[in-house]
Amino acid sequence: MSDPRPCPGCGRPNASHRVACLYCGHSMPNPSAAPPPTHRHLTRELDLALNKALRGGNLSQIEQVLGQLESDNPPGPNRPDPNVVLVYEQPVPLDQTPGELFEILANHTAQATEQWEEDPQGAQASLAQASSTLRALQSLAKSLPELDPIALPPFRLPVALIIEPPGDVAQVPELAQALGLDVASARMHARATHPRVVLRSGDLSDIEERATRYSAHFQRPARPIQVPELLEIGRPMTALRIAPTTWVLAKGGQWALEPGEISQAAGSPCPPPDFELAVPGEIIVATYRRRGDSLTPSGERRIAVTDLHGPDTFVRVVAGHCALPLPGESALQAYRAWLESLNCRVLGSRSCAPGEPPHAQSQAPLQATGWAHFEEHSRGARLLYLR
């Protein structure tokens with residue numbers, strides 16, 4: 001570029017290519033050719049990013065985009081557009097709790113819903129923020145430990161018939177006829193004070209016909225149950241404290257731990273849940289010890305448990321795990337007093353025998369429990385009475 005030249009009228013310096021003075025408008029003699037203009041290329045990506053930054057109203061975000069504008073010649077056809085990431089689209093710091101992140105995610109998606117029709121670009125910005133929060137939650141989810149599968153008894157046939165027994169041995173012949181059972185089996189089921197699985201089959205229609213006959217004759221509930229239905233119920237919460245106005249419930253299978261292994265900090269206070277059904281039981285735990293290449297029984301213990309069921313409730317109360325509102329000389333006595341005080345349908349208690357003993361070379365604890373049988377029993381009772 002040539003040196004500036006003074007204006008003949010006012011004497012002020014002007015660029016050599018000026019036709020008229022910038023200050024007084026006097027004609028400039030012998031103007032030179034104007035220099036070629038310097039173009040700033042704004043790619044589509046930068047254009048969209050600038051739009052979002054302007055809508056965000058944050059000056060630092062706008063400067064971030066403007067700083068990436070190219071002052072050189074436009075990029076060649078093979079040069080990719082820059083990937084502009086705004087400040088609010090950066091990965092969310094992982095020092096926030098999952099609960100806080102879920103709340104932030106809900107706020108962003110709600111804001112995007114409100115902006116969707118009247119402010120589409122604002123909705124895009126909100127969704128970008130929601131996407132960053134979602135990526136943070138996905139990172140946290142990868143570090144979560146895998147939960148053990150819900151254990152159910154390993155029966156070969158997929159369909160079971162569960163009934164509410166008549167509770168009267170005098171009705172054994174009628175029970176046997178309605179269900180198509182032998183008299184000995186019918187007698188064992190008739191006297192039970194809790195629901196019983198009376199038959200297993202691979203034929204769902206046959207089980208449904210037997211359930212219909214039984215309910216029509218005895219006016220008591222009966223229905224087929226299958227594994228997918230039982231698993232769909234989900235996992236129970238563990239009650240750590242029960243008080244008149246506040247319960248403390250915990251997730252994560254705390255009910256399966258020993259009392260000394262449970263941390264009270266694992267639970268969260270909540271209002272007393274609504275429940276309509278109490279399913280008590282006794283879990284027998286058989287222990288073993290190694291003797292050479294085999295196992296020999298070394299003893300057994302019993303765990304008292306009650307599952308509480310409601311439309312939105314599945315809570316497990318284990319004696320010794322839960323602080324109960326009624327006193328007792330022992331945890332078991334306090335549990336029994338609490339169970340007697342419940343104001344809902346309370347079934348008779350079922351004793352659940354342990355399953356198969358572990359392999360002698362197993363690295364797991366050398367014990368067998370009745371938890372799988374209780375899972376099927378409790379979930380089956382829920383399906384029988386609440387669905």
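**Aromatic pairs and charges over rings**

Across the whole structure, a search finds 5 aromatic pairs, where rings of Phe, Tyr and Trp (its six-membered ring) pair if their centres lie within 6.5 Å, and planes under 30 degrees apart count as stacked, over 60 as edge-to-face and the rest as tilted. The model is predicted, with local features requiring pLDDT of at least 70 and side-chain atom pairs counting only at pLDDT 80 or more, while totals for chains, interfaces and linings use all residues. Residues are numbered from 1 along each chain as its sequence is written, and side-chain values use heavy atoms, leaving out hydrogens and water.

**View A. The pair of Trp247 and Phe275.** The ring centres of Trp247 and Phe275 are 6.0 Å apart and their planes meet at 45 degrees, so the pair is tilted. Trp247 belongs to strand E7 (residues 247-250), whereas Phe275, 28 residues apart from it, lies in the loop between strand E8 (268-270) and strand E9 (277-291), and the pair thus links distant parts of the chain; strands are DSSP runs of at least two residues (E) and helices of at least four (H or I), numbered from the N terminus. Trp247 counts as buried at 5% relative accessibility (buried means under 20% relative accessible area, exposed over 50%, partly exposed in between, with a 1.4 Å probe and protein chains only).

**View B. The pair of Trp371 and Phe374.** This aromatic pair is edge-to-face, with 6.2 Å from centre to centre and 80 degrees between the planes. Both residues lie in helix H10 (residues 371-386), 3 residues apart or about one turn of the helix, and both Trp371 and Phe374 are buried. Ring pairs join Trp255, Trp371 and Phe374 into a cluster.

**View C. Arginines over the rings of Trp255 and Phe155.** The charged end of Arg316 sits over the ring of Trp255, 4.6 Å from its centre, and Arg200 lies over the face of Phe155 at 3.5 Å from the ring centre; a charge sits over a ring if NZ of Lys or CZ of Arg is within 6 Å of the ring centre and within 35 degrees of the ring normal.
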